[in-house]
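Look at the structure below and follow its helices one at a time.

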Amino acid sequence: MHTAKHIEIDEEPKRGRGWLIALAVVVVAAALGFGGYLFWLQRDVVVYLNGEPVEIRFRSTFADICDKAGVVPEAGDLYSITDQLITDGGGEPYTVQLDGRELSEKECASVIVEGEESFTVVNGDDVTEGSEVVERETAPRLVPADGLGAVTFVSQWGTSGLSRYRVGSVSGEEVLEEVVQEPGDCVLSSVNPVPSDGQALVCLTFDDGPSSYTADVLCILEEKHAVATFFALGSSVAGWSDMIQQLENAGCEVLSHTMNHQDNYAISSEDTYRETVDAFDALRDYAGVYTTVIRPPYGNWNNNCWISARGTVSASVIWTIDSRDWELPGADAIVKNCTSNVGNGDIILMHDGGGDRSQDIEALPRIIDELHKQGYRLVTLSELMDSDYRIPDEIASQYAPMPEGCSWPTELAE
Ligand SMILES: [Zn+2]
């Protein structure tokens, strides 16, 4: 009993040391284990990228793998319908598969590898932008006249064509897909009128009026049983509408000399259009004269002017004989200029406005007498044009608006 008691007492310190040893062993083991764990975490593993092994630190990311392997996954590019690059990387995105399963972008970003994973990267395809097909009318082209005569006119009106275009939805590029209908050219012709059937015709023309001289001109014409053609300034029409009416009642003709006598070579295309249209409107609204014929100031009217007028003009008429009355050379010189070298179909330029026209008034009776003596009949411009078979009847009528269904050129034919 006593002994047992002694032994019990003796064993107490032994048991305490055992605990300490066990604790030490556990601590050492834990330290070793933790160290081993740390070492284990730092180890390299092998993964596969597009079938190639890549040695990489355990728990690396997909981006780390790509860096290590020198692989840059690329999205495709976005191209326009004419193959111009629009956006680098704007095409199909690249895809990444992990062990045969496609990863979302988010999944791909959160991948942590442990080894033996197999990644497949497929670069994105290039993409062509979307597009739509639109149909659009195409303007006819203007075919200029061969040479320059005194009368230039539309011998054939143009018609619109129809074409299909593919339009890029991002770039806005347009590519012609199909010409459904070719436009019909607008064609100009230019002639010096030649009366047919043996007629001997001359046309007297007066520019820059009406003015206070116009009544005198009309009086002489009526006295001599002659007619003439007056190219009136649109800006003067409102104040002289009665005079214009008298001219027409006497069998004379009133056409347009544009609105404000601008030089069409010196003004904008828009201004040429306005100068032309405003004068036609003034003649119609104030004097009841319907015409689509102009005499351009200074005779300046070229193919660009034709385009600028947008189909409002059917004929542009200059002259074949210049009286040179604007030099105020005296009545004798004006008579000589107008009568000494006249041929059949001539168009003579005189003035009934724009300054002192007393020399014209003095010369006019002698001019008419002399032309009559030479066997010419004095006619209006429409009668002269009508006498030439090359000029269509509706153009010769001096009022030939562009027919319904036709359209005007926006550029010259090459
Ligand atoms: Zn003039």
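**A helix with a buried side**

In this predicted model, helix α7 covers residues 269-287. At 1.5 Å a residue, its 19 residues should span 27 Å, and its end C-alpha atoms are 27 Å apart, which agrees.

Which residues of α7 are buried? They are Thr-272, Glu-275, Thr-276, Ala-279, Phe-280, Ala-282, Leu-283 and Ala-287. Seen down the axis of α7, these buried residues fall within an arc of 155°, so they line one face of the helix. An α-helix has 3.6 residues a turn, so residues three or four places apart point the same way. On the face turned away from the buried side of α7 sit the exposed residues Glu-270 and Asp-285.

What do the buried residues of α7 pack against? Their partners are the helices α5 (234-237), α6 (241-249) and α8 (303-308), together with the strands β16 (229-232), β17 (253-256) and β18 (293-294). After α7 comes Gly-288, whose phi is positive, near 70°.

**A pair of helices**

Now turn to helix α4 (residues 214-223) and helix α10 (residues 358-373), which pack with their axes 10 Å apart and at an angle of about 10°. Angles under 35 degrees count as roughly parallel, and that makes α4 roughly parallel to α10. On the α4 side the contact is made by Asp-216, Val-217 and Ile-220, and on the α10 side by Ile-361, Leu-364 and Pro-365. Of the residues in this contact of α4 with α10, five are nonpolar, one is charged and none is polar.

Note on methods. Residues are numbered from 1 along each chain as its sequence is written. This is a predicted model: local features need pLDDT of at least 70, side-chain atom pairs count only at pLDDT 80 or more; totals for chains, interfaces and linings use all residues. Axes are lines fitted to C-alpha atoms, for helices over the stretch in contact, and angles run from 0 to 180 degrees between N-to-C directions. Helices (H or I, at least four residues) and strands (E, at least two) are DSSP runs, numbered from the N terminus. Angles under 35 degrees count as roughly parallel, over 145 as roughly antiparallel, 65 to 115 as roughly perpendicular and the rest as oblique. Two residues are in contact if their C-beta atoms, placed from the backbone, lie within 7 Å. Ala, Val, Leu, Ile, Met, Phe, Trp, Tyr, Cys and Pro count as nonpolar, Asp, Glu, Lys and Arg as charged, and the others, Gly among them, as polar. The expected span of a helix is 1.5 Å times one less than its number of residues. A residue is buried if 20 or more other C-beta atoms lie within 10 Å of its own, exposed if 12 or fewer, and partly exposed in between; C-beta atoms are placed from the backbone. The arc is that of the directions from the helix axis to the C-beta atoms.
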